[in-house]
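Work through the exercises below with the structure open. Each task is followed by a solution in steps.

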Amino acid sequence: MMDMADLFGHVVSPVRRDEPLCDGAVVLRGFALADEVALLQALNTVVAQAPFRHLITPGGFRMSVGMTNTGPLGWVSDRRGYRYDPVDPLSGNPWPGLPDTFLQLATGAAARAGYVGFMPDACLINRYEPGTRLSLHQDRDELDLAQPIVSVSLGMPAVFLFGGMLRTDAQVRVPLAHGDVVVWGGPARLRYHGVMPLKPGYHEALGGVRINLTFRKAG
Ligand code: SIN
Ligand code: FE2
């Protein structure tokens with residue numbers, strides 16, 4: 001994003017505004033931009049220890065979105081089902097620890113959205129390449145559905161689909177850019193959501209891909 005200067009030539013921070021989506025859900029525009037460099041560095045460290053992989057759905061399909069995790073619990077899928085696991089099945093080791101910058105971003109965004117005291121124990125990292133999408137789903141593998149979801153967009157822009165409590169409910173299309181954070185919880189916690197196919201392009205932070213960090217209290 002281009003920096004803007006005020007009348008005195010000081011660089012002012014890029015646009016940060018809050019856009020409510022519905023009761024319980026909000027888009028925090030640019031919320032992650034202040035920590036961009038530290039976030040990208042921490043991301044590299046995590047991915048070096050636990051690389052992206054394409055999980056297999058219980059039905060036997062290979063997911064097009066690359067995934068990895070950081071934190072005490074990681075979301076995994078295989079022929080046995082979806083679950084949270086403290087161990088990375090690829091390495092047999094615990095998932096890399098949740099970086100401080102990740103934790104601070106997640107708790108800060110949750111608090112700003114009204115969810116004070118949110119303490120995530122899982123961060124799923126999704127990597128979207130051009131053409132890949134995430135079909136409509138609910139996040140319901142977590143024990144305590146009173147806890148919100150904090151979702152951070154990095155790199156290429158994408159269109160987030162935010163629907164209702166039924167799969168067939170209409171969805172709003174929410175364009176998400178580098179640094180935007182979406183928080184949903186409370187009455188919005190079980191709303192269906194997904195991501196439209198990523199358009200090809202280039203973003204200076206990550207090249208041609210979009211990375212999404214999703215923070216949850218899973219256990
Ligand atoms: C998710 O639903 O888990 C990820 C959403 C996104 O990539 O924006
Ligand atoms: Fe989700």
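A polar contact is a pair of N or O atoms within 3.5 Å. The model is predicted.

**Exercise 1. Find which side chains have an N or O atom in polar contact with an oxygen atom of ligand 1.**

Step 1. Start with Tyr128. An N or O atom of its side chain is 2.6 Å from an oxygen atom of ligand 1. That pair meets the cut-off of 3.5 Å.

Step 2. Go on to Asn212. One of its polar side-chain atoms lies 3.3 Å from a ligand 1 oxygen.

Step 3. Check Arg216. Here too a polar side-chain atom is 3.3 Å from an oxygen atom of ligand 1.

Step 4. Consider the cover. Ligand 1 taken alone exposes 260 Å², and the protein buries 98% of that.

**Exercise 2. Describe the shell around ligand 1 by residue, class and strand.**

Step 1. List the residues. They are Asn126, Tyr128, Leu134, His137, Ser151, Phe160, His193, Val195, Arg210, Asn212, Thr214 and Arg216.

Step 2. Sort them by class. Four are nonpolar, six polar and two charged.

Step 3. Assign strands. At least two shell residues come from each of strand 8 (122-128), strand 9 (134-137), strand 14 (193-195) and strand 15 (210-216). Strand 15 gives the most, with four residues.

Notes
Residues are numbered from 1 along each chain as its sequence is written. Chains are lettered from A and ligands numbered from 1 in the order in which they are written. This is a predicted model: local features need pLDDT of at least 70, side-chain atom pairs count only at pLDDT 80 or more; totals for chains, interfaces and linings use all residues. Side-chain values use heavy atoms; hydrogens and water are left out. A residue is near a molecule or strand if one of its heavy atoms lies within 4 Å of it. A polar contact is a pair of N or O atoms within 3.5 Å; within protein, one must be able to donate a hydrogen and the other to accept it, and residues adjacent in sequence count only if both atoms are side-chain atoms. Accessible areas come from the Shrake-Rupley method with a 1.4 Å probe; for residues, only the protein chains shown count as cover. Ala, Val, Leu, Ile, Met, Phe, Trp, Tyr, Cys and Pro count as nonpolar, Asp, Glu, Lys and Arg as charged, and the others, Gly among them, as polar.
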